[in-house]
Amino acid sequence: MKAKIHITLKNGILDPQGQTIQHGLEMLGFTGIRTVRAGKLIEIVFDGISREQAQQATENACKKLLANPVIENYEFVITE
Amino acid sequence: MRFGIVVFPGSNCEHDCYYVLKYVVQQQVRFIWHKERDLREFDAIVLPGGFSYGDYLRTGAIARFSPVMEEVVKFAQRGGLVIGICNGFQILCEAGLLPGALVRNAGVRFVAKSVYLKVENSATPFTRHCTSQVLKMPLAHGDGNYYVDKATLRQLQEQRRILWRYCTADGEITAAANPNGALDNIAGIMNETGNVMGLMPHPERACETLLHSADGVQIFQSIVA
């Protein structure tokens, strides 16, 4: 069982990393970019627990440590 | 007063704090390893600057779960003085002892330079001996951009819990004087009960004239007064 967790900065919070990446892409000649936002991808591999347990554990992990609710949103998918 | 300075793996300003507390303001002080749990002997706890746990995940995010932090939270709830400098401020926000969060500097770069801070409230345990209205001291961080939601910001303003704001040498609050994009030029705040304080600049690096500014000592003198 594997959780793929995607953490992003909330809308309205300045994302200077995203802006810098966007600037870099534009310097390279990429056009038509509206915005670039940078986030984090965290993968957790579980052993010996059910999908529901993995779902629950991941939700808890996001709330307690992986994301800071003041500035970040999270979403995740559980795969086999 | 008896001060304890918490040392996390990756702390790097603990000796500066120790020096100032012991030799400049002449108080009792000892280091507290992050695995210790007994804080009964202390009147005040300092969380020093540095890069605890390599700043992995988010600044302060892992340090917050150190065994000692559970006790620091209880210590603060009992009314003990807690001071977070730079990384210490980040840890206090992650631990929920102070509102908001410190995010990446608006200019993306690590900023290390001298700044001026306007003392916005001189009637707190952290500022009562600030005789200057503008304090000069260095800062050095990559994530010092203070952010908090609008409702909490209003609360901070109304309750006069914003203690220092980035300003010019003359005390003017301008966008150009803001080194990291912090909301409302906020450099340091305190909690609602007035016993927990965090600031991004380093007063402990500006406590003797030899270090080109001794303004930082006014903050430590306020605390020990």
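Residues are numbered from 1 along each chain as its sequence is written, and chains are lettered from A in the order in which they are written. Because the model is predicted, local features need pLDDT of at least 70, side-chain atom pairs count only at pLDDT 80 or more, and totals for chains, interfaces and linings use all residues, while side-chain values use heavy atoms, with hydrogens and water left out.

In chain A, A:Gln22 belongs to helix H1 (residues 16-27), where helices (H or I, at least four residues) and strands (E, at least two) are DSSP runs numbered from the N terminus. With a relative accessible area of 14%, A:Gln22 is buried, a term that means under 20% relative accessible area with a 1.4 Å probe and protein chains only. Leaving aside residues up to four places away in sequence, A:Gln22 touches A:Ile33, A:Arg34, A:Thr35 and A:Val36, contact being heavy atoms within 4.5 Å. A polar atom of the A:Gln22 side chain also lies 3.4 Å from the backbone nitrogen of A:Val36.

In chain B, strand E1 (residues 2-7) has five of its six residues buried, so it is largely enclosed by the rest of the structure. Its pairings are listed below; two strands pair if DSSP finds at least two bridges between them.

| Partner of E1(B) | Sense and bridges |
|---|---|
| E2(B), residues 28-33 | parallel, six bridges |
| E3(B), residues 44-47 | parallel, three bridges |

Within these pairings, B:Val6 stands opposite B:Ile32 in E2(B), and B:Gly4 stands opposite B:Ile45 in E3(B).

Technical notes:
Buried means under 20% relative accessible area, exposed over 50%, partly exposed in between (1.4 Å probe, protein chains only). A polar contact is a pair of N or O atoms within 3.5 Å; within protein, one must be able to donate a hydrogen and the other to accept it, and residues adjacent in sequence count only if both atoms are side-chain atoms.
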